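My notebook is open and I want to get to know this structure. I'll jot down what I look up as I go.

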Amino acid sequence: MSADRADVAMLARVVLTGVGESVLDVAAHERAVASAHAGAVVTFAGVVRDHDGGRSVAALTYEAHPDADRVLGEIAARVAARSGAVRVAVSHRVGDLAIGDVALVAAVSSAHRAQAFAACGDLVEEVKAALPVWKRQVFADGTHEWVGAL
Amino acid sequence: MPAITLRYYAAARAAANGLDEEVIETESPAAALRVSARRHGEPMRRVQVVCLYLQDGRALRPEAAAAAVAGPVTIDVLPPFAGG
């Protein structure tokens, strides 16, 4: 490992991750990644919306695999390691959520904005692809489906 | 025959009429999944096609699923992830 890579590895930090039923606090994630070094903080909130595929959604339930908490930590570490000098915080909520509830929060800070935007986008895509969490949609007409498993 | 425990999540559990898991005594994970598909019918067949599988927590490649197992194993039946 070159000196530069060692520096990056020391600076790239996962400061907060978790999968649980508690209400997510977006501001707490922003505070967690803040540092005197950071000139940019990018936050993403994944919010429960009231429609999907043209149908009206009434509520959502998320289910997590028992390993999901560990996997989210690994995802955050992987993204942080390939993103340079960033600080990363990410949480996914599970259980019963209502329209407008926050299901996913990702916050990334870095010295400059481009790195934080890129890392935050990378983090969200990686969570969607690799986190063992499932979503059950209840539609306004009372029917329901597990998303992606039709 | 070894005991093969199938653990169902999300759409797979729904296809198994709400069962979290079932134990099937047979020679391989693939054989256990065939029993499950016969038992639970078309919904289970449809969901199995799109699932990923873990054997004792490690990714189970499709070509390895037909290999006989020596002792009891647990197979996680994982529908496509839909977080975020």
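Predicted model: local features only at pLDDT ≥ 70, side-chain atom pairs only at ≥ 80, totals over all residues.

**Entry 1**

I began with N17(B), which counts as exposed because its relative accessibility is 66% (buried means under 20% relative accessible area, exposed over 50%, partly exposed in between, with a 1.4 Å probe and protein chains only). N17(B) is not a glycine, yet its phi is positive, about 55°. I found N17(B) in the loop between helix 1 and strand 2 (21–25) of chain B. (Helices are DSSP runs of H or I with at least four residues, strands are runs of E with at least two, and both are numbered from the N terminus.)

Residues are numbered from 1 along each chain as its sequence is written, chains are lettered from A and ligands numbered from 1 in the order in which they are written, and side-chain values use heavy atoms, with hydrogens and water left out.

Back to phi. A10(B) also has a positive value, about 50°, and is not a glycine either. I traced A10(B) to helix 1 of chain B. Is A10(B) buried or exposed? A10(B) is buried, at a relative accessible area of 1%.

**Entry 1: chain A in outline**

I counted four helices and nine strands in chain A. Read from the N terminus, the order is α-β-α-β-β-β-α-β-β-β-α-β-β. The C-alpha trace of chain A spans about 60 × 25 × 25 Å along its principal axes. Of the 150 residues in chain A, 41% are buried. I also looked at contacts (heavy atoms within 4.5 Å). Among those in chain A with a separation of 6 or more, 75% join residues 24 or more positions apart.

**Entry 2: helix 4 of chain A**

How far should helix 4 (residues 113–130) of chain A span? Its 18 residues, at 1.5 Å a residue, should span 26 Å, and the end C-alpha atoms are 25 Å apart, which agrees. (The expected span is 1.5 Å times one less than the number of residues.)

Next I listed the buried residues of helix 4 of chain A: A116(A), A119(A), C120(A), L123(A), V124(A), E126(A) and V127(A). These cover an arc of only 165° around the axis, so they sit on the same side of helix 4 of chain A. (The arc is that of the directions from the helix axis to the C-beta atoms.) A114(A), F117(A), A118(A), E125(A) and A129(A) are exposed on the other side. The cover over the buried residues includes strand 2 (40–47), helix 3, strand 5 (86–93) and strand 7 (102–110) of chain A.

I picked L104(A), in strand 7 of chain A. L104(A) is buried, with 1% relative accessibility. Leaving aside neighbours within four places in sequence, its contacts include V124(A), V127(A) and, from chain B, G84(B).

A45(A) lies in strand 2 of chain A. A45(A) is partly exposed, at 32% relative accessibility. Beyond four places in sequence, A45(A) is in contact with V26(A), V102(A) and L104(A).

**Entry 3: helix 3 of chain B**

Which residues of helix 3 of chain B are buried? I noted M44(B), V47(B) and Q48(B). They cover an arc of only 105°, which puts them on the same side of helix 3 of chain B. They pack against strand 1 (3–8), helix 1, helix 2 and strand 3 of chain B.

**Entry 4: pockets**

Last, I went looking for open space. (On a 1 Å grid over the protein atoms alone, a pocket is an open set of points where a 1.4 Å probe fits, with protein on both sides within 12 Å along at least five of seven lines; lining residues have an atom within 4 Å of a point.) The largest pocket holds about 410 Å³ of space. (A volume is the space filled by probe spheres set on the points, which are joined across faces, edges and corners.) It has 22 lining residues, and L52(B), Y53(B), L54(B), A59(B) and L60(B) are the closest to its centre. Helix 3 (68–82) of chain A, together with helix 2 (29–40) and strand 3 (52–55) of chain B, each give two or more residues to this lining.
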